[in-house]
Amino acid sequence: MEAGELLERFEAFVASEGKIESDSWMPDAYRKTLVRQISQHAHSEIIGMQPEGNWLTRAPSLRRKAILLAKVQDEAGHGLYLYAAAETLGTSRDEMVDALLDGTAKYSSIFNYPTPTWADIGAIGWLVDGAAIMNQVPLCRCSYGPYARAMKRVCKEESFHQRQGFDILVTLCRGSDAQRAMAQDALDRWWWPSLMMFGPHDGDSPHSATSMRWRIKRFSNDELRQRFVDVTVPQAHFLGLRIPDDELVYDDTTGHWKFGEPDWDEFQRVLAGDGPCNAERIERRTRAHVDGAWVREAAEAYAAKHVAAPAA
Amino acid sequence: MLWEVFVRARGGLHHAHVGSIHASDAELAMENARDVFTRRGEAASLWVVPSTAIVASDPADADVLFEPAMDKEFRHPTYYEVPDGVTNL
């Protein structure tokens with residue numbers, strides 16, 4: 001079959017909600033787009049362990065510590081689901097890890113912000129995981145089967161993450177003035193970066209249209225951002241916290257919250273590597289990778305020995 | 001030799017184990033699996049894997065492997081009380 005005809009059939013198949021598998025024919029651009037998106041998603045899960053890991057030894061109670069440990073463990077697991085899903089497209093784990101460590105691959109810019117207080121752990125669960133869930137639920141219907149199936153597991157497991165974050169903030173907001181102030185400070189710092197998680201405006205997102213046509217994406221960046229604001233503002237009001245946006249106002253006619261403009265220069269800066277913690281995150285991941293080299297080598301050596309001398 | 005048979009019921013779903021089949025090679029295993037397991041339109045795709053390629057956990061180890069997950073209710077969303085009046089969480 002000719003390339004043109006293959007492409008035509010592919011387009012028609014995904015348009016009719018057909019699912020692509022690793023052994024299906026797919027255009028190079030589809031494969032490349034998915035490898036980039038899935039590996040960056042995996043990197044985000046792995047780097048995302050760091051801001052929260054920062055509080056593992058300092059959680060305010062054994063209960064909170066066990067919960068946080070379980071959450072960080074989940075992020076590691078999600079990274080592994082996603083790396084494996086990307087590997088079904090023919091890329092290798094080594095290539096992906098190298099791209100993360102040498103800076104060619106990106107990860108979500110949100111993880112380049114610091115977590116100086118315990119309230120940040122609440123804000124990450126509530127806002128960052130809330131925004132992630134908003135982005136990820138539609139990915140469970142992505143046209144690429146291995147990604148969609150990985151996302152189903154991720155979403156199912158992630159459902160506790162947002163609640164535990166909100167639970168931390170409810171507790172702080174019912175506490176002392178100092179605890180409420182700490183919660184407000186965390187919201188002030190995490191609100192705008194959370195809105196940036198949905199990516200640039202639709203007009204500034206050149207690949208969005210193709211991803212929508214290929215059924216990788218289901219909703220536009222701006223649609224998802226609006227949905228996030230609409231569900232999150234009432235939750236902030238319940239907590240008695242103020243969203244740090246002077247332009248935030250409920251629009252009776254549309255039933256949506258109008259909100260101000262995120263600082264897109266900051267978004268580009270952090271994405272380009274100049275955020276508060278970019279260097280620290282990559283330095284730490286590199287160190288963990290280098291320090292773990294002997295484990296990988298030992299596993300390979302052990303496996304090779306057993307292939308050479310199979311059990312009787 | 002024995003082969004393990006996995007069926008994908010519909011496009012997009014994972015393959016699930018449905019049983020085993022006897023066949024002398026991979027090609028015949030595929031044909032036999034098709035005849036035996038998919039006579040009623042159960043499949044969008046089939047996998048056959050030599051039974052000897054399956055690495056299985058020992059049922060005697062089940063407690064050691066899986067019991068430690070049982071007392072961690074905080075991994076489930078229902079563990080957290082959502083206050084009245086809060087929605088979309």
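Reply: Of the 89 residues in chain B, 26% are buried, with burial meaning a relative accessible area under 20%. These values come from a predicted model. The accessible surface of chain B amounts to about 6,200 Å², and carbon and sulfur atoms account for 56% of that surface.

The overall dimensions of chain B may be set beside this. Its radius of gyration is 20 Å, whereas a compact globule of 89 residues would have one near 12 Å. Along the principal axes, the C-alpha atoms of chain B fill a box of roughly 60 × 35 × 15 Å.

As to secondary structure, chain B contains 3 strands and 2 helices, which follow the pattern β-β-α-β-α along the sequence. When contacts between residues at least 6 apart in sequence are considered, 43% of those in chain B join residues at least 24 apart.

The size of an interface is often given as the accessible area lost when the parts come together. For chain B and chain A, about 1,800 Å² is buried between them, and 62% of this area is on carbon and sulfur atoms. On the side of chain B, the residues that lose the most area to chain A are B:Arg75, B:Tyr80 and B:Leu89, which together supply 35% of what that side buries.

Terms used. Residues numbered from 1 in each chain as written. Chains lettered and ligands numbered in written order. Predicted model: local features only at pLDDT ≥ 70, side-chain atom pairs only at ≥ 80, totals over all residues. Heavy atoms only, no water. Helix = DSSP H or I, 4+ residues; strand = E, 2+ residues; numbered from the N terminus. Rg over C-alpha atoms; globule rule 2.2 N^0.38 Å. Buried < 20%, exposed > 50% of the residue type's maximum accessible area, 1.4 Å probe, protein only. Contact = heavy atoms within 4.5 Å. Areas by Shrake-Rupley, 256 points an atom, 1.4 Å probe, with all protein chains shown as cover. Buried area = accessible area lost by both parts, 1.4 Å probe.
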